[in-house]
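Work through the exercises below with the structure open. Try each task before reading its solution.

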Amino acid sequence: MIIDTDTASDDAVALAMALNHPDVDVVAMTTVAGNCPLEDTTRNALYTAELCGSAVPVYAGADRPLLVKAREATWFHGMDGLGDQGYPPPSRSAEEEDGVSALINHIRGNPGSTLVTLGPLTNVALALAQAPDIVGLVGRCVVMGGTANKVGNVTPAAEFNLWFDPHAARMVFASGLPIEMVGWEICRFEAGLDAAEQVALRALDTPLAHFFLDCNSTAMEAAHRQSGTRRLELPDPTAMAVAIDKGRVVTRSSRHYVEVEAESPLTRGMSVVDSLNVTGNPVNVEVVNAIDNDLFKQMVFDAAGG
Ligand code: BDR
Ligand code: CA
């Protein structure tokens with residue numbers, strides 16, 4: 001597995017799910033600007049790897065979207081992206097190689113691997129532009145992004161990762177990569193950890209259980225202000241659960257033509273899913289429609305050491 005991430009609070013949980021899973025071999029992590037500036041997402045990825053006892057190489061990639069101005073989500077994840085808990089700096093640094101060339105090299109070196117994207121698609125778009133051959137080398141490309149004709153979380157029409165760099169998202173969705181799309185709607189409502197589940201997670205009393213809850217504290221308050229929920233919603237971990245154990249986690253999916261809007265101010269970053277195939281365009285995405293929420297939550301608990 002290769003993970004591209006704008007590491008903030010929910011990314012961190014997803015990284016731990018992969019790094020701590022006995023059947024998953026994470027060969028590289030690349031970071032991208034998104035939830036916070038690149039320097040912070042890289043530091044957070046290194047810090048999370050360290051908490052998991054992992055020496056996985058981390059490469060810093062794009063520090064801004066392709067064409068639009070960066071507009072981070074520190075209002076949601078905290079100024080440092082990890083809930084402003086005062087975590088210490090990680091003991092190691094990112095590799096010297098830049099994230100885009102690392103993506104290309106690790107995909108070429110691991111044909112058939114699963115690429116999981118947890119942030120804006122800038123690195124992936126740049127890699128595809130520089131090395132179109134990687135399209136045929138990726139076994140699966142699991143994308144946390146978009147909403148499958150549902151409400152957005154950053155505008156009424158768009159989910160953050162696709163909205164942050166809509167031109168990159170548009171390129172990636174049109175690239176021919178074998179995309180499995182896990183939209184923001186998948187993490188909502190019953191998929192969120194309710195109060196009792198949050199207490200049970202805390203009661204595990206492991207360093208990672210505390211980390212999962214503490215680094216998501218500002219995200220939970222922001223989500224409450226936005227939608228009224230008191231659940232802990234974890235978009236990136238839902239995508240990671242799909243990446244790790246699709247056969248058991250995904251209970252319903254369907255294949256469609258999906259295109260990302262890049263220009264319209266009203267619908268920038270919208271993932272337009274042609275559910276009825278009215279365009280007649282060829283299918284390019286497997287859209288995840290539903291997951292086994294209990295199994296997903298068990299995977300989060302397992303990653304925390306429970
Ligand atoms: C996505 O945007 C980010 O804020 C999260 O980390 C997740 O990747 C959810 O819309
Ligand atoms: Ca993310």
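The model is predicted: local features need pLDDT of at least 70, side-chain atom pairs count only at pLDDT 80 or more, and totals for chains, interfaces and linings use all residues. Residues are numbered from 1 along each chain as its sequence is written, chains are lettered from A and ligands numbered from 1 in the order in which they are written, and side-chain values use heavy atoms, with hydrogens and water left out.

**Exercise 1.** Find the protein donors of the calcium ion (ligand 2).

Step 1. Donors are N, O and S atoms within 2.8 Å of the metal (3.2 Å for Na, K and Ca); water is not among the atoms, so sites may look incomplete.
Step 2. D6 (OD), D11 (OD), D11 (OD), L118 (O) and D236 (OD) lie 2.2 to 2.5 Å from the ion.
Step 3. Along the chain their spacing is D-x4-D-x106-L-x117-D.
Step 4. D6, in the loop between β1 (2-5) and α1 (9-19), and L118, in the loop between β4 (114-117) and α5 (122-130), are 112 residues apart. Helices (H or I, at least four residues) and strands (E, at least two) are DSSP runs, numbered from the N terminus.

**Exercise 2.** How many residues of α1 are buried?

Step 1. Buried means under 20% relative accessible area, exposed over 50%, partly exposed in between (1.4 Å probe, protein chains only).
Step 2. Eleven of the eleven are buried, so α1 is largely enclosed by the rest of the structure. Among them is D11.

**Exercise 3.** Which side chains form polar contacts with that of E286?

Step 1. Locate E286 in strand β10 (residues 285-291); its relative accessible area is 14%, so E286 is buried.
Step 2. A polar contact is a pair of N or O atoms within 3.5 Å; within protein, one must be able to donate a hydrogen and the other to accept it, and residues adjacent in sequence count only if both atoms are side-chain atoms.
Step 3. The side chain of E286 makes such contacts with K246 at 2.9 Å and with S253 at 2.6 Å.
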